[in-house]
Amino acid sequence: MPAFPIGAWLSTSWSADDIVTVAREAEQAGFASISVADHFIGNTGTEEVGEGTMFECFALLAGIATAVPRVRLCSLVAGITYRHPAILANIAATIDALSGGRLVLGVGAGWQLNEHAAYGLALGPVRERIDRLEEGLEVLRGMLTQPSTTMQGKHYTVTGAPRVPAVQSRVPILIGAKGERRMLRVVAKHADEWNCPSSPEIFVHKSAILEEHCERIGRDPRSIRRSTHPMLSRDPENECSPDLFTGSADRIVDTIGRWREAGADEVLVPSLFWTADETRAIYARLQSEVFPQLA
């Protein structure tokens, strides 16, 4: 395992056998975590459905938890628009128990237009989504840490909901966020961990904004673990796209080093544009050519 953590972000559009096999091989290769996205269909950027479906995030994580014994497991990230927080707390506690306390519960405000349209899910304006997320985080945190939780909110009402039986005394809550005015403020207030797509330069900027929000509420920004990954675009002008990991080893090591210098605690390798076999070859190359240089 490299000294600096590198995570594997697996596609949920592969076969179930491929997902579990690649997860096992990633752990054996030295990856520090396995993440899967919480989406149901491929993103088209519009309300058009397009082609291809995906396996459900938390059922996959439960299966991976029993097949892959050591690394951290993360939802990247659960959309609060279709995950009631009280139910999500129970799901998280179950997977945390199955994994022996290795779950990182990633959540976000929701954004993908076509899955909401196709499934008849209300997305709502951005402000409403963030308000809903903040209420949901209070329910999640309460049910994962307190003897009982009662909340009468605009979006959620729970009454005497008992604590769910997670292994970890505090299941880490990761928030996926890049919005500077409100979402990074939500991270500062509620998150144990934070993830955003970035280049090293963008990560420096976003981290500085997060630290300003932390300062305003009196929180030590170092208490928030930070992860990042290339921006999910294959635009050839995007120098920090997933194709970074198919380029030269020297460039990969240099970019990871710059993320590390910018304050990232982990870099994720997204395989959303690759087949399972392509991913296995890329992971094997990272293990042999890149990981030894990440001392």
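## A helix residue to start

Ala92 sits in helix H3, residues 85-98. Helices here are DSSP runs of H or I with at least four residues, strands are runs of E with at least two, and both are numbered from the N terminus. Ala92 is buried, at 0% relative accessibility. Buried means under 20% relative accessible area, exposed means over 50%, and partly exposed lies in between (1.4 Å probe, protein chains only).

Leaving aside residues up to four places away in sequence, Ala92 touches Leu103 and Leu105. A contact means heavy atoms within 4.5 Å.

## Basis of the model

This is a predicted model, in which local features need pLDDT of at least 70 and side-chain atom pairs count only at pLDDT 80 or more, while totals for chains, interfaces and linings use all residues. Residues are numbered from 1 along each chain as its sequence is written, and side-chain values use heavy atoms, with hydrogens and water left out.

## Overall fold

The protein has nine helices and 11 strands. Its radius of gyration is 18 Å, close to the 19 Å that the globule rule gives for 295 residues, so the protein is as compact as a globular protein of that length. The radius is taken over C-alpha atoms, and the rule is 2.2 Å times the number of residues to the power 0.38. Along the principal axes, the C-alpha trace spans about 55 × 45 × 40 Å.

Of the 295 residues, 54% count as buried. Among contacts with a separation of 6 or more, 71% come from residues 24 or more positions apart. The protein exposes about 12,800 Å², and carbon and sulfur atoms supply 52% of that area. Accessible areas come from the Shrake-Rupley method with a 1.4 Å probe; for residues, only the protein chains shown count as cover.

## Charges and salt bridges

The protein carries 29 positive and 36 negative charges, and their mean positions are 7 Å apart. Lys and Arg count as positive, Asp and Glu as negative; His and the chain ends are not counted. Each charge is placed at NZ of Lys, CZ of Arg, CG of Asp or CD of Glu. Side chains of opposite charge can pair when their charged atoms come close. A salt bridge is a side-chain nitrogen of Lys or Arg within 4 Å of a carboxyl oxygen of Asp or Glu. By this rule there are 20 salt bridges.

Arg258 pairs with Glu201, with the closest N and O atoms 2.7 Å apart. This pair links distant parts of the chain: Arg258 is in helix H8 (residues 249-261), Glu201 is in helix H7 (residues 200-217), and they are 57 residues apart. Arg258 also forms a salt bridge with Asp254, at 3.2 Å between the closest N and O atoms. Asp254 and Arg258 are four residues apart in helix H8, so about one helical turn separates them. Arg258 is partly exposed at 31% relative accessibility. Asp254 is partly exposed at 43%.

Glu289 bridges to Arg285, with the closest N and O atoms 3.2 Å apart. Both lie in helix H9 (residues 276-290), four residues or about one turn apart. Glu289 is partly exposed at 36% relative accessibility, and Arg285 is partly exposed at 24%. Elsewhere, salt bridges that share partners join Arg72, Glu193, Arg225 and Glu266 into one network.

## Two loop sites

Arg182 lies in the loop between strand S8 (173-176) and helix H6 (183-190). Arg182 is buried, at 12% relative accessibility. Not counting residues up to four places away in sequence, Arg182 touches Arg127, Ile130, Asp131 and Glu134. The C-alpha atoms of Arg182 and Pro2 are separated by 35 Å, and the two residues are 180 apart along the chain.

Val77 is in the loop between strand S3 (72-75) and strand S4 (78-79). The peptide bond from Leu76 to Val77 is cis, with omega near -15°. Most peptide bonds are trans.
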